[in-house]
Amino acid sequence: MFDIELLVKEELEEEERQALPKTMDVVLGILDVLTDTQRSRYVKHIAYGMTVRDIAAEEGCSHVSVVESLESAKKRIAKELKKRGYEG
């Protein structure tokens, strides 16, 4: 499965460096299946480490709304990964 931490490493092994474009294509393709709101919240939560409550405060919505959005995003991502043959 995709490891988001790979993207933030300063030093990558040569094999990882060569695999990065393909990995990025997969990640971007997966994120395309999300709605704009789901994508934004998922990236804030996973890539930037924002808490659900911080996202809700920033967007002026309830934390329940953010939780539901993230859960839906995770389901869509899992479905798309399975469709692409990435089970795990």
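Does L31 count as buried or exposed, and at what relative accessibility? At 15% relative accessibility, L31 counts as buried, where buried means under 20% relative accessible area, exposed over 50%, and partly exposed in between (1.4 Å probe, protein chains only). The structure is a predicted model, in which local features need pLDDT of at least 70 and side-chain atom pairs count only at pLDDT 80 or more, while totals for chains, interfaces and linings use all residues. Residues are numbered from 1 along each chain as its sequence is written, and side-chain values use heavy atoms, with hydrogens and water left out.

The chain contains five helices and zero strands; helices (H or I, at least four residues) and strands (E, at least two) are DSSP runs numbered from the N terminus. Along the sequence the pattern reads α-α-α-α-α. Of the 88 residues of the chain, 26% count as buried. Among the contacts with a separation of 6 or more, 48% are accounted for by residues 24 or more positions apart, contact meaning heavy atoms within 4.5 Å.

L31 lies in helix α2. Leaving aside neighbours within four places in sequence, L31 is in contact with R39, Y42 and V43.

The description now turns to the nonpolar core. In soluble globular proteins, nonpolar side chains tend to be buried together. Here the largest nonpolar core has 14 residues, and those with the most contacts inside it are I30, L31, L34, Y42, V66, L70 and I77. A nonpolar core is a set of buried Ala, Val, Leu, Ile, Met, Phe, Trp, Tyr and Cys residues joined through side-chain atoms within 4.5 Å. Helices α2 (14-31), α4 and α5 each supply at least two residues of this core, and the largest share, five residues, comes from α5. V66 touches R41, V52, I55, A56 and C61, not counting residues up to four places away in sequence.

Helix packing may be followed from α5. Helix α3 (residues 36-46) and helix α5 (residues 63-83) pack at an angle of about 95 degrees, with their axes 9 Å apart. Axes are lines fitted to C-alpha atoms, for helices over the stretch in contact, and angles run from 0 to 180 degrees between N-to-C directions. The two helices α3 and α5 are therefore roughly perpendicular to each other; angles under 35 degrees count as roughly parallel, over 145 as roughly antiparallel, 65 to 115 as roughly perpendicular and the rest as oblique. On the α3 side, T37, Q38, R41, Y42 and H45 meet S65, V66, S69, L70, S72, A73, K74, R76 and I77 in α5. By class, this contact of α3 with α5 has five nonpolar, six polar and three charged residues. In this classification Ala, Val, Leu, Ile, Met, Phe, Trp, Tyr, Cys and Pro count as nonpolar, Asp, Glu, Lys and Arg as charged, and the others, Gly among them, as polar.

Helix α4 (residues 52-59) packs against α5 at an angle of about 115 degrees, with the axes 8 Å apart; α4 and α5 are therefore roughly perpendicular to each other. The contact is made by V52, R53, I55 and A56 of α4 together with H63, V66, V67 and L70 of α5. Its residues comprise six nonpolar, one polar and one charged.

The axes of α3 and α4 come within 10 Å and cross at roughly 135 degrees, which makes α3 oblique to α4. Residues S40, R41, K44 and H45 of α3 and V52, I55, E58 and E59 of α4 make the contact. These divide into two nonpolar, two polar and four charged.

A56 is found in helix α4 and is buried, with a relative accessible area of 5%. Not counting residues up to four places away in sequence, A56 touches C61, S62, H63 and V66. A56 and V67 are 11 residues apart in sequence and 9.2 Å apart in space, C-alpha to C-alpha. D54 also lies in helix α4 but is partly exposed, with a relative accessible area of 44%. Between D54 and K44, 10 residues apart in sequence, the C-alpha to C-alpha distance is 9.5 Å.
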